[in-house]
Amino acid sequence: MLHKARRAGLSALVLEAGAGVGGTWYFNRYPGARVDIQSMEYSFSFDEALQQEWRWTERYAAQPELLSYANHVADRFGLRDGIQFNTRVTGAVWDEERRRWRVTAEGGESWSARFLVMASGPLSSPNTPDFPGLGEFQGAVYHTARWPREPVDFAGLRVGIVGTGSSAVQTITTIAPGCGELTVFQRTAAYAVPAHNGPLAPAFEARVKADYAGFRERNLKMQGGFGSLLPPNPVSALVASEAEREARFEERWRTGGFSFLGAFNDLLLDERANALAAEFVRGKIRSIVRDPDKARLLQPRQTIGCKRLCVDTGYYERFNLPHVKLVDVSQQPIERITPRGLLSGGREYGFDALILATGFDAMTGTLMRLDLRGRGGRPIREKWAAGPLNYLGLMIEGFPNLFNIAGPGSTSAFTNVMVSIEHHVNWISDCILFLNGAGRETIEATQAAEAAWVEHVYTVAKRTVYLTCNSWYLGANIPGKPRVFMPLFGFPAYAAKCAEVAERGYEGCALSA
Ligand code: N01
């Protein structure tokens, strides 16, 4: 956004809480952190020289390499002097008279801005459950999303980990061999498909780079903005024979990653089709995990893909290590943390270090924690009390000239987020240039457009299996959070709609002179 704004001749400043660039890849340094979209796709497309020259070492890049990439981009485009690091924004208030945002940060520093772009991330406010006794634990407590910069040595230690989402799956896989004992506290079993990660094949890299622009174009036509190399099989799982089904599932399992959910074209649309894929993965878990009790507990029961699918590098295999224990906390929740461990079902489990892999207050958490006040001083917390009203995921009625990148109401959570970010940056920058060219001072979504958009997001979700489980897409992972389905499924239709709105002079928005 900074690069784009500067190229458009705008003056811009980035306020960043971290001491460096990278966002997700700056804060999530837990062992095994790795992207689940292939590196050649999970990168910026806006500069041909950048994408030609950067060399990924692995099929799925790990956090240190992703962080190097973010730093490389910042240096290559000379962005650092436009970023104020170690600056945590606490709020922003719309000044109606001056038609400017007044942005404030910890320490009291403040800025005035005509436009305010929230690039604060859909998964950036960690969720730390309110476990009684957490402060009394005598060992170290880590949250995967706030991992220390120095490496943590668990050698010989008894470690407890709460959670089995993507962050936990990667952490467990990585630390299990070296721990003295690892106890996994599982509330909902996760579906994980193999990444088949490895060194990036030079021939594959050369093939992509020979026509990188074409590769990006083809990906933009995919529902998630990635995966054009192996598009979804255009056949229903319900009409395929059993042998055909097994063959297709097996083929995708061997390929690895999210391509598994494209084994048939209705796995995310029809619960009966979904059940067939789910049973295939349960069969894999049974064949991998030798202890029948662990194997039973590790088999998820919910629809597959409803919570975001995990992409792993030997997760289930780790439960064959005798020192890796699995405790089901679905029926008997964690009652409290004790000085030496935790209590569940009246039993105390002891450990020396505790890892919380308990996810995020997703999509809305970061904005809702701010003192963000729009027209008439209305707080975002009030505006969003029943769920995140928005238009195109980009704008909020009553919050003029404020844009949200990768927020609720957009496809960010279902896409290669790099694609979503670039799409939003381009759209926002075009919008600002349009306003300047047309002599308009402010833009803001109308209430009617906003209501219709939220309804549209829900209507699309109803055609999928995404409403059948308790996911962070629904806000269901945070006690008391309104259950509203927040992300939109389907990038190409979304991008077409955003383009159409712009072409029609920002239809659905109120513009002031
Ligand atoms: O968080 P999560 P995450 N008692 O919310 C459990 C992206 N990401 O950080 O399922 C006991 O998925 C909770 O249980 P339940 C990706 O989009 C990507 O792992 O709510 N357990 C769950 O098991 C991902 O979806 C990558 O029943 C409690 C876990 O904690 C998103 O970030 C890597 C609990 C939280 O799982 C979030 O992933 C990492 C409690 N009170 C993350 N509260 C890759 O690119 C929560 N849990 C690969």
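The shell around the ligand comprises nine nonpolar, nine polar and five charged residues, where Ala, Val, Leu, Ile, Met, Phe, Trp, Tyr, Cys and Pro count as nonpolar, Asp, Glu, Lys and Arg as charged, and the others, Gly among them, as polar. This is a predicted model in which local features need pLDDT of at least 70 and side-chain atom pairs count only at pLDDT 80 or more, while totals for chains, interfaces and linings use all residues. Residues are numbered from 1 along each chain as its sequence is written, and side-chain values use heavy atoms, with hydrogens and water left out.

**Ligand site**

- The ligand is surrounded by 23 residues, each with a heavy atom within 4 Å; T164, S167, R187, T188 and K307 are the closest.
- Helix 5 (residues 166-175) contributes three residues, the most to this shell; helices are DSSP runs (H or I, at least four residues) and strands likewise (E, at least two), numbered from the N terminus.
- Ligand oxygen atoms lie 2.6 Å from a side-chain N or O atom of S167 and 2.9 Å from one of R187.

- Five strands form an open sheet in the order 7-16-8-9-12 with parallel pairing, a pair requiring at least two DSSP bridges.
- Strand 7 (140-143) and strand 12 (324-328) are the edge strands, each pairing on one side only.
- Strand 7 pairs with strand 16 (residues 353-356) in the parallel sense over four bridges, and V141 has L354 in strand 16 as its bridge partner.
- Helix 5 packs on the sheet, touching strand 8 (158-162), strand 9 (181-186) and strand 16, with contact meaning heavy atoms within 4.5 Å.

Key: A polar contact is a pair of N or O atoms within 3.5 Å; within protein, one must be able to donate a hydrogen and the other to accept it, and residues adjacent in sequence count only if both atoms are side-chain atoms. Axes are lines fitted to C-alpha atoms, for helices over the stretch in contact, and angles run from 0 to 180 degrees between N-to-C directions.
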